[in-house]
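Subject: Structure for your review

Dear colleague,

Please find below the structure I promised to pass on. My notes on it follow directly after.

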Amino acid sequence: MANKAIKYRLYPTTEQAVMFVKTFGCCRKVYNLILTDKIACYEETKAFGKQTPAMYKKEYLKEVDSLALANVQLNLQSAMKNYFDKTRKKQNGFPKFKSAKHSRKSYTTNNQNGTVAIVENRSIKFPKIGKVKAKIHRMPEESWKLKSVTISQDSDGKFYASVLFEYEATITRVALSDNAIGFDYKSNGLYIDSNGYCPDKKKYYRQNQDKLAHAQRKQKHRTIGSNNYKKQQLRIANIQRHTSNQRFDYLHKESTKIANLYDVVCVESLDMKAISNKGFGNGKATLDNGYGMFLNMLEYKLADRGKYFVKIDKWYPSSQLCSCCGKQKKLTLTDRIYKCDDCGFAINRDFNAAINIKNEGLRIRKST
């Protein structure tokens, strides 16, 4: 069995929006209360105890969905389990209290005998709230089973529902062929492939940077907490959301096109967070590209089509090897043309790296 989520835009009434916001606040409050009691219990008995949302029923369980609060308890238990699990490669920190201002506004509820359902292709039914108008841009398959839904609110005030479905995966792997392509990261243009193509990707953040800076300067002259301050804050959030939507739209279209064209996609397993640090001096361009999101999209879209996504080790010297004869040569970051000392082959540095990534990826795929 496999899971897949579809995200829909919600258009709640004023009463429904108030109910969503109440549920966000109650989930955050119950999370903090359970965590507080666990810490206090451990200080007294050296055990965390078994706290449940029912302990706070009189205050927080009357109006909101009880399953949403039950999922809060499960999330906290999972966070604590990950903290004490010494076998994990990346150790998680101890759970922290959720801030009323900075925590993400969301909650998850489960489907029990049709309490969550997509109704008449234009609304979604939720427990305690009823039918909420939604933009149903995509319907699930008839065999898919609705498991749960996560309701969230972005900083620009818009509501969304991410509906999780369970289905039986019947993916047939395509035959391994040489219909492959390799990608090398390029800060100016997202990537360059092994065919020499570099997309003319727009810098969406830089396009909207002046508008964003102007809106932030106007907010600086507003009184903090006033209505005009909140209105200007919403305008800033709308600009940032628009920039994010532009980036997501481009990355989805580009990754879908590649997943449809090629059977094998080879990339380097880069640490994008490390590349965007101050030492390289191109953090804004790296984060504006969204190359890490692009690779994640490619990976799951190729998997859905039964195709192959191959990651090359980040220490593989793709930029130092000659794609013609295989001779290795050290380069500096200022060397943009690779010229082989043995065979005299000259080629763009990034283009050469993309060819080497493709060849290495095919070798790994065929050997496994």
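Since handedness comes up several times, I begin with its convention: a crossing is left-handed if the near helix is turned anticlockwise from the far one by less than a right angle, and right-handed if clockwise. This is a predicted model, in which local features need pLDDT of at least 70 and side-chain atom pairs count only at pLDDT 80 or more, while totals for chains, interfaces and linings use all residues. Residues are numbered from 1 along each chain as its sequence is written, and side-chain values use heavy atoms, with hydrogens and water left out.

Overall picture

The protein has 10 helices and 13 strands, where helices (H or I, at least four residues) and strands (E, at least two) are DSSP runs numbered from the N terminus. Its C-alpha trace spans about 80 × 55 × 55 Å along the principal axes. Of the 368 residues, 40% are buried, with buried meaning under 20% relative accessible area, exposed over 50%, and partly exposed in between (1.4 Å probe, protein chains only). Taking a contact as heavy atoms within 4.5 Å, 66% of the contacts with a separation of 6 or more are between residues 24 or more positions apart.

At the start of α3, a side-chain oxygen of D65 comes to within 3.2 Å of the backbone nitrogen of L67.

The axes of α1 and α3 come within 9 Å and cross at roughly 45°; axes here are lines fitted to C-alpha atoms, for helices over the stretch in contact, and angles run from 0 to 180 degrees between N-to-C directions. The two helices are therefore oblique to each other, given that angles under 35 degrees count as roughly parallel, over 145 as roughly antiparallel, 65 to 115 as roughly perpendicular and the rest as oblique. Their crossing is right-handed. On the α1 side, T23, C26, C27, V30, Y31, I34, L35 and K38 meet A68, L69, V72, Q73, L76 and M80 of α3. The buried residues of α3 include A68, L69, V72, Q73, L76 and M80. As background to such spacing, an α-helix has 3.6 residues a turn, so residues three or four places apart point the same way.

Helix α6 and its partners

Helix α5 (residues 209-220) packs against helix α6 (residues 227-261) at an angle of about 165°, with the axes 9 Å apart. That makes α5 roughly antiparallel to α6, and α5 passes α6 in a left-handed crossing. Among the residues that meet there are K211, L212 and A215 in α5, and Y229, Q232 and I236 in α6.

With helix α9 (residues 291-304), α6 has axes that come within 9 Å and cross at roughly 40°, so α6 and α9 are oblique to each other. The crossing of α6 and α9 is right-handed. The residues meeting at this crossing include R247, F248 and L251 in α6, and M293, F294 and M297 in α9.

Individual residues to look at

Most residues other than glycine have a negative phi. K46, which follows α1, has a positive phi near 60°; K46 lies in the loop between α1 (14-45) and α2 (57-60) and counts as exposed at 62% relative accessibility. L190 also has a positive phi, near 75°, but is found in strand β9 (residues 190-193) and is buried, with a relative accessible area of 0%.

D263 sits in the loop between α6 and β10 (264-268) and is buried, with a relative accessible area of 14%. The side chain of D263 makes a polar contact with the side chain of S177 at 3.1 Å, a polar contact being a pair of N or O atoms within 3.5 Å, where within protein one must be able to donate a hydrogen and the other to accept it, and residues adjacent in sequence count only if both atoms are side-chain atoms. Not counting residues up to four places away in sequence, D263 touches V174, S177, N179, K307 and Y308.

Kind regards
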